Amino acid sequence: MTILKNGTLVTPEGMKKADLAMDGDKIVKIGENLTAGAGDTVMDVTGCIVFPGFIDGHTHLDLVNNLGHTSDNFETGTRGAVCGGTTTCMDMATQEHGDTLVHTMEVWKDLAQNISCNYGIHMSITDWNEHTKAEIQTMAAEGITTYKTYLAYGIAIGDVETMEVLKELKSVHGICGVHCENGPLIPALQKQVLDSGITSPAGHPISKPSELEAEAINRLCYIASLVDAPVNVVHLSSKLGLEEVRAARKRGQTVYAETCPQYLLFDDSVYSRPDGSKWVLSPPIRKPEDVAAIRQAVIDGEIQTISTDHCPFDFSLKQSQAAKGFDQIPGGGAGVEHRPILMLTHFKDDLDYVQLNKLMSENTAKLFNLYPKKGALLEGSDADITVYDPSVKWTISAANQHQNVDHTPYEGFEVVGRMKYVYVNGQLAVVDGDPTGVQAGKFVRADCV
Ligand SMILES: [Zn+2]
């Protein structure tokens, strides 16, 4: 047994000064003055905040597309994640056209080797047909009830298919996260911008204005209303998009919203920097008024989860592709390691630890059918635990990160606190922000309620 003594726990009922004991891969006891027996390990966590391990609800740890391969794979991406206090990543497993969901799952499980944190799978449907539909039940039996679809890009499915997916997922209490941008307008606007002579990353946000996001969210919400299904709007980035989420909720719909640190901590001035290609990701970084609106929505509880959309490409690759035009830069950014510390730093005056825990762990676990084995410090929950020491100050840099990418968009950001200890399935994976080398991650099954 390991006992964390003298910490302050973030529990579903609020902050609690208590000790926590874990045995094997479970939390077995929470209480005051727990006594250690012979052979027990006692860790003094005086002055620290003890969180349930953070969950990143949106990662692409090993993604290949026609413009490149992510610099991280599961081994390096989960190492970065756990060093930053994230003990579970929900990764997007993308179905190839013509492939089955079962085979897609097997491919992803093969990719997930030597993992330092847990992972779950969002199945990304790109080929909706009778067979795929039947596999929704098979996936539920395999512990996969969460999905992702796109309204844009080569992997998009149409409005009819979107409606049918949403309808079918109700039978497994599943949820679909949807990438909301108007698909046909993107290449048309990119061409307009390129034809006007703007080829640098400055053209990226101009070619994907927030109207494209808002229109897609509006359409998605009305489609969902036809089948009375909940939806999850992933990486919400704009004020116009937020207004569509609000409007659907006003009509009585269940609409969840996710945003990411990049939409809270940068504005579109990044695209005029010489290294602007680092922020070529979709949807793009928005204008200051959008950033203010999304930030306020986080504070007001209108946004339920903060994830990363971690999809890192080396700057060397992004920059060499940038020479061919902004539309040739592989889209995506790095963030899986730094999300918790960025949120704990930049929202510390607006949100308390209980609220931050909801955004980064509890709500995510609930939404994806992982609660309360994940997302809560409760007796019987999994021993995924992040011990945060708020007394340390340090500066984020590519030189001190553990994810595998040659830069970080957050270079030079000063942050408050460090992950003193991180436990994954009861095993000590991190000490003072550095990995112990223990790779205790497992596939996490969603429970179909
Ligand atoms: Zn994504």
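Which elements make a right-handed β-α-β unit? The unit consists of β13, helix α8 (residues 239-250) and β14. A crossover counts as right-handed if, with the strands pointing away from the viewer, the path from the first strand over the helix to the second runs clockwise.

The model is predicted: local features need pLDDT of at least 70, side-chain atom pairs count only at pLDDT 80 or more, and totals for chains, interfaces and linings use all residues. Residues are numbered from 1 along each chain as its sequence is written. Helices (H or I, at least four residues) and strands (E, at least two) are DSSP runs, numbered from the N terminus.

The parallel-paired open sheet contains 8 strands in the order β6-β9-β10-β11-β12-β13-β14-β15. Its edge strands, β6 (54-59) and β15, each pair on one side only. Two strands pair if DSSP finds at least two bridges between them. The table gives some of the parallel pairs.

| Pair | Bridges | Bridge partners |
|---|---|---|
| β11 (residues 146-150) and β12 (residues 175-179) | 5 bridges | T149 and V178 |
| β13 (residues 231-233) and β14 | 3 bridges | V233 and A257 |
| β14 and β15 (residues 305-306) | 2 bridges | E258 and T305 |

Strand β14 (residues 255-259) is largely enclosed by the rest of the structure, because 5 of its 5 residues are buried. A residue is buried if 20 or more other C-beta atoms lie within 10 Å of its own, exposed if 12 or fewer, and partly exposed in between, with C-beta atoms placed from the backbone. Both faces of β14 are covered, with V255, A257 and T259 buried on one side and Y256 and E258 buried on the other.
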